[in-house]
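Biologist: I'm new to this one, so could you pick a loop and take me through it closely, then show me what else is worth a look?

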Amino acid sequence: MKYGESAFDVLYLIFAICTGAFILIKRRNKNDVIMGTAALVLGIGDSFHLVPRVLNYFIDNDFTWYLGFGKLVTSITMTVFYILVFWLYKSVYSRNDKGTKTIEIIIYILAALRIVICLAPGNNWFTGEGTVLWGVLRNLPFIVIGGIVVYLYFKVRNEDKSLGKLWLYTTLSFAFYIPVAFFAPLLPILGMLMLPKTICYILMLVSFIVKSRDVE
């Protein structure tokens, strides 16, 4: 089990970071810059949690602090990732109307609220003693952001073939993530749902790659 999970985690990180670097190197427009940056934020952010997780399998040491710090970093970088996905929506679909600007402000407020809650000492990141209450508090704003992103991309799902399923991948990623975020402290086996959640992220990155290769 540890070998399979570790190999998957490492390959995912390599794929995410290389995807971001590739898109940025080959960038042709603003969309590529957003997608490449989003992929790098995703890969580098997740590495803070996944690298200690992999090392924990093979090194006899206490990684509680490093795993907690990694979860904190990942919580923040995932928030930034979905802000970038929203920016991609604005850029690709040329949405800059009053309604979109209002939604953007709401997303920024929710993102700031989530980050503030994530930084609160009650999360007990570094001791591994997280509670369901704090998991709910810090993830509610994040889930609302995800819901907004899903709604926006669902509305335009037929307007761009490359990103047409982004709403679905985002929906599934949150569907797998919510049980972990809320109930993993009570039922650790739910952590297994992070595997299909990660597959959803890989599919999102594949959508970015396809979009970056679209002929103008």
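**A loop, and then the helices**

Modeller: Let's start with alanine 184, which touches Pro179 and Leu190 once its neighbours within four places in sequence are set aside; contact here means heavy atoms within 4.5 Å. Before going on, this is a predicted model, where local features need pLDDT of at least 70 and side-chain atom pairs count only at pLDDT 80 or more, while totals for chains, interfaces and linings use all residues. Numbering runs from 1 along each chain as its sequence is written, and side-chain values use heavy atoms, with hydrogens and water left out.

Alanine 184 sits in the loop between α6 and α7 (194-212). Helices are DSSP runs (H or I, at least four residues), numbered from the N terminus. With 19% relative accessibility, alanine 184 counts as buried; that word means under 20% relative accessible area, with exposed over 50% and partly exposed in between (1.4 Å probe, protein chains only). Glycine 20 is 164 residues away from alanine 184 in sequence and 30 Å away in space, C-alpha to C-alpha.

Another loop, the one between α5 (132-155) and α6 (166-183), holds aspartate 160. Aspartate 160 is buried too, at 10% relative accessibility. A polar atom of its side chain lies 3.1 Å from the backbone nitrogen of serine 162, and the backbone nitrogen of leucine 163 is likewise 3.1 Å from a polar atom of the aspartate 160 side chain. Beyond its neighbours within four places in sequence, aspartate 160 is in contact with Val92, Tyr93, Lys211 and Asp214.

Now for a helix pair. Helix α3 (residues 64-92) packs with helix α4 (residues 98-119) at about 175°, axes 10 Å apart. Those axes are lines fitted to C-alpha atoms over the stretch in contact, and angles run from 0 to 180 degrees between N-to-C directions. By class, the contact has 13 nonpolar, 3 polar and 3 charged residues; Ala, Val, Leu, Ile, Met, Phe, Trp, Tyr, Cys and Pro count as nonpolar, Asp, Glu, Lys and Arg as charged, and the others, Gly among them, as polar.

Cysteine 118 is buried, at 1% relative accessibility, and cysteine 200 is buried at 4%. How many disulfides turn up in the whole structure? The search finds 0, a disulfide being a pair of cysteine sulfur atoms within 2.5 Å.

How values were computed:
Helix = DSSP H or I, 4+ residues; strand = E, 2+ residues; numbered from the N terminus. Polar contact = N/O pair within 3.5 Å; in protein donor to acceptor, adjacent residues only side chain to side chain.
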